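Subject: Model for you to look at

Hello,

Here is the structure I promised. Please open it alongside these notes.

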Amino acid sequence: MTSSRLSVHYVNSGASITSRTTGSPRLSTHANGESDTVLIAKKLSSLSLTEREEKQHALDRLEMLKTVGTGSYGHVLVVRDRETSTYYALKIFSITHVVHSRQTEHVKSEKEILSAIKHPFIVRLYWTHHSDQFLYMLFDYLPGGELFSYMRRKGTFDLKTSLFYICEIILAFEYLHSLQIIYRDLKPENILLDAEGHSKVVDFGFAKKILNKTFTTCGTPDYLSPELFKNTGHNKSTDWWSLGILLFEMLTGGTPFNPNQNESEIPGRVLAGRITWPRTIDEQTKAFIKKLLIQNPDKRLGAGRNGSREIKEQPIFASIRWDDVYARKSKPPIVPAVKHPGDTSCFDQYPEDWRSAPFASDKELDLFADF
Ligand SMILES: Nc1ncnc2c1ncn2[C@@H]1O[C@H](COP(=O)(O)OP(=O)(O)O)[C@@H](O)[C@H]1O
Ligand SMILES: [Mg+2]
């Protein structure tokens, strides 16, 4: 089986990853003589202590069962709560590795964004925690595995199957964009199936809350939009570009700008905008993908004032009832062969080598004091 493609993060000129600012706020003195600083410090320490104790307790209750995924920066294990017998996915990062690979802000942003959102097609985060070695994030366990595995196993999907996932992802993106969040790492490795076969977007490492444009180039080469290669700033439109790439990949088994499986060719091909269209893609679908792969992000489908509505109203979705999609009433085309909630048979095998991470320095730990 072809292995998953790793996400990359480039630090461009004009963009950098800044570390946490540690300046303390100026506080006034309280009328009873005890300064606000002292009062707040007391309140914070007692709060965070109980909170931390509770989370440590929750972590101690977890039985670490098996690694189900590794990515560029994290390691994901299926775990079982010994008290409730519920299965979860625990994402673990080595603190030292995160800091050294300059992912501190991305990991923090992953936590912040996921803590603030809830959607039927987005993975749910329960809590985060840290030790002197690792950062932990506890998620719903999605036993169906990666959409990527099904795509590689089947070679190609038919249009109906492809549109099932595309519709659920459109709703997830519509929701994120309504909160001014861009996702930036769409690819089938980051779309998981739940036990029934519905989609869940995972991996918010590159998601970002933006006001207008942002400049740091990150994502996965096959899925990067022209504005990301040009470093002219990008916005929500970049997610719609990646949706076009995903639909093309589902239908053909390969991405449009990497026909020779040679990453160094991708930027040139993306910027030239030349695609070889296989005959198997019908005209309506081709027209839809072409509108998502418009070079100019401001002219791309979804970039207009009506945003995602413009996409949902395309002829290709004429028979789609969007309320039913949201209510998870569409029938999943693939029902994962999951025998019990902790079944890991839909995932590949990975080495269980995550425990060997080094201990973090005090300086590194300080960066994650409130994680
Ligand atoms: N909630 C989950 N349930 C089951 N598997 C998961 C879950 N979250 C992630 N995974 C698996 O772990 C892999 C890596 O997780 P991801 O969040 O994408 O991390 P990375 O940023 O390292 O790519 C995913 O591609 C998937 O196979
Ligand atoms: Mg990932």
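Below are my notes on one strand, its two partners and the ligand shell.

This is a predicted model: local features need pLDDT of at least 70, side-chain atom pairs count only at pLDDT 80 or more, and totals for chains, interfaces and linings use all residues. Residues are numbered from 1 along each chain as its sequence is written, and chains are lettered from A and ligands numbered from 1 in the order in which they are written.

Start with β3, residues 75-81. Strands here are DSSP E runs of at least two residues, numbered from the N terminus. Of the 7 residues in β3, 5 are buried (20 or more other C-beta atoms within 10 Å of the residue's own, with C-beta atoms placed from the backbone).

β3 pairs with β2 (62-70), antiparallel, over 7 bridges. Pairing takes at least two DSSP bridges. Val-79 in β3 sits opposite Met-64. The β2-β3 hairpin has 4 residues between its strands.

β4 (87-94) also runs antiparallel to β3, with 6 bridges. Val-76 has Lys-91 of β4 as its bridge partner. This hairpin has 5 residues between the strands, and Ser-85 in the turn has a positive phi of about 60°.

Now the ligand. 22 residues surround ligand 1 (C-beta, placed from the backbone, within 6 Å). The closest are Gly-69, Gly-71, Val-76, Ala-89 and Asp-203. β2, β4 and β6 (134-140) each give two or more residues to this shell. Domain 1 (48-143 + 347-366) and domain 2 (146-326) each supply at least three; the bounds come from an automatic or database domain assignment.

Best wishes

Key:
A residue is buried if 20 or more other C-beta atoms lie within 10 Å of its own, exposed if 12 or fewer, and partly exposed in between; C-beta atoms are placed from the backbone.
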